[in-house]
Amino acid sequence: MNTPLSLLFQRMRFPLIVLIGAYAVATVGYTLVPGYDENGQRWTMNFLDAFYVVSYTGSTIGFGEIPARFSEAQRLWTMVCIYLTVFAWLFAIGSLVGLVRDEAFHEALGRRRLQRTIAAIRSPFYLICGYGGAGGMLVDNLVQSGRRVVVVDRSEYAIRELQLRDYHVLVPGFRLDASVPDNLLKAGLQNRWCAGLLALTDSDETNLKIALAGRLLNQKVMVAARADSSATASNMASFETGFVIRPAEEFSRRVALAITRPQAYRLYERLSEAGARQKWDPETSLDGTWLICGQDDFGRSLAESLQSQGVSTRIIAEEGEDGDWPTGSVFGPSSEGHALERAGVAEVTGLVVAHASDAENLSTIMTALMINPDLLVIARENHLHNRQLFEEAGTHLTCSVSGIVASAVRPVLEATMVPAFVDKMLENDEDWNRDCLKRLRERIGDERVQFWSSRVSEKRTPPLAEAIEAGRTFTAGMLTLDPRNRSEKMDALVLMIIRDDRVMLLPDDDEPLAMGDRILFCGTPHSAELIWAVAVDPDVVHYLRTGQPRLARRPWWRRAVAH
């Protein structure tokens, strides 16, 4: 890669040769052109006098004639030198100005500056490839939670948007093609503080290359990638990519939950915070036929999911009458009234628009509501800047593709146990989900949910492991007691404990912990910091277990910092 210094020498080589050549010719000329003193004696300048005269002449300063008055020949040569050196300077200065205005030079300066910034990072950071809708939302979430981020995007517009954001910490942005492994290395993939690599571009091929580079160049980092096609998702899973998100599958799961299991959907939305809240009354009946508009993976996957749960569905697809479509499918533009009427939009319970075009989705919504104003409308939002249009169109649930991708990735970065908890959570009935949501509200309220995990081991939690190995009982409920006052509980909840092959969701407060337990928490960021004291301080473990404080030489939070 061209560095700023190499670009400077490369672009200024010829102008400098011209300038040096002009000075050399002028200097040599002064040493050869004779002059005559007051006595008529012939004299010539030495090289020092000649260069001195050329210096004040070429810079247009002017000073005087030394060591005697110039002869006609010397004055004629001086005029030649004036034009020669002035034009050489103009050429050199013009070339320098052109270099300063050159985009390649600015990009080289920016890369060097950003590389110095990355080298100066002394805390874990995430390398995000793709600053689009999902990438931008994820950067916002990570920065708000106090994490460092480095962004790579090939779009100049995206990097400028990043630079215009008012973050409280510097977020370095590289204008690079993330599919090139060398560019990922320049952005810090092999930096000792790189904690994760996120492939969130809109190209499956690019995301696949990024995931491969992450697995091959730094196997210690967490790799999360977006895959629009099932083939790409399977490919990524084959080489053990840490987390793969398929927007179509996530959209299908969310919409199916909203229609068939509203309590599970509300809990899922509370934990993931995708910004897709249901607007219909909780008592609204969702039974009946649902009309799905869209023929790509979003529409197909949703139709299969709903039908597998016994929900009556009809599909409107613009093309593909010869394809493998369910019985009763209607073919034609869903934004046109006759296609909606043939699909029976006047009698259905709800409408799901899942086209890849927001304009098509909005047009379909408006046309359908003119025919049936009582429709429940669920929409796929492909671009965040259209959110207000969907709100005004009268949607009851808007699922942003960027939002569901970002909300699926963020919890995994905080705790890799989250996907396992979600899968187990969805296996429970509506009463369990309602109870879990109630407990979340009682403990955390409306504050942002943060996930974290720990393991009971001599390495991760030595004071806790020591107490358990000594036969002392320490329960799950003690983990969420305030280490400053155990009579109060923190804004945190133990979501899951995995013990060997046994999985315990929302364990009872009196559930005793055992060595090797993997524990998943959720709560406020402040609670996460307080719970960490259990991992570093035996006095805190003793106090939470017995209620009897020990006389410590230093407060536990100072000892925690020392660790």
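Helix 11 and helix 18 cross in a left-handed way, meaning that the near helix is turned anticlockwise from the far one by less than a right angle. Helices here are DSSP runs of H or I with at least four residues, strands are E runs of at least two, and both are numbered from the N terminus. The axes of helix 11 (residues 262-272) and helix 18 (residues 430-444) come within 8 Å and cross at roughly 35 degrees. These axes are lines fitted to C-alpha atoms over the stretch in contact, with angles from 0 to 180 degrees between N-to-C directions.

This is a predicted model, in which local features need pLDDT of at least 70 and side-chain atom pairs count only at pLDDT 80 or more, while totals for chains, interfaces and linings use all residues. Residues are numbered from 1 along each chain as its sequence is written, and side-chain values use heavy atoms, leaving out hydrogens and water.

**The cores**

Let us look inside next. A nonpolar core is a set of buried Ala, Val, Leu, Ile, Met, Phe, Trp, Tyr and Cys residues joined through side-chain atoms within 4.5 Å. Buried means under 20% relative accessible area, exposed over 50%, and partly exposed in between, with a 1.4 Å probe and protein chains only. The largest nonpolar core has 53 residues, of which Phe251, Phe421 and Met425 touch the most other members. Helix 10 (residues 247-260) gives this core its largest share, 7 residues. Phenylalanine 421 is in contact (heavy atoms within 4.5 Å) with Leu271, Trp432, Leu495, Met496, Leu505 and Leu520, leaving aside neighbours within four places in sequence. Another core, of 28 residues, lies apart from the largest one and includes Ile121, Phe174, Ala178 and Ala225.

| Residue | Phi | Relative accessibility |
|---|---|---|
| Glutamate 240 | about 60 degrees | 60%, exposed |
| Aspartate 500 | near 55 degrees | 74%, exposed |

Glutamate 240 sits in the loop between helix 9 (230-238) and strand 8 (243-245). Aspartate 500 is found in the loop between strand 18 (492-499) and strand 19 (502-505).

Glycine 58, in helix 2 (residues 47-58), counts as buried because its relative accessibility is 4%. Beyond its neighbours within four places in sequence, glycine 58 is in contact with Tyr23, Thr85, Val86 and Trp89. From C-alpha to C-alpha, glycine 58 and asparagine 361 are 70 Å apart in space, and they are 303 residues apart in sequence.
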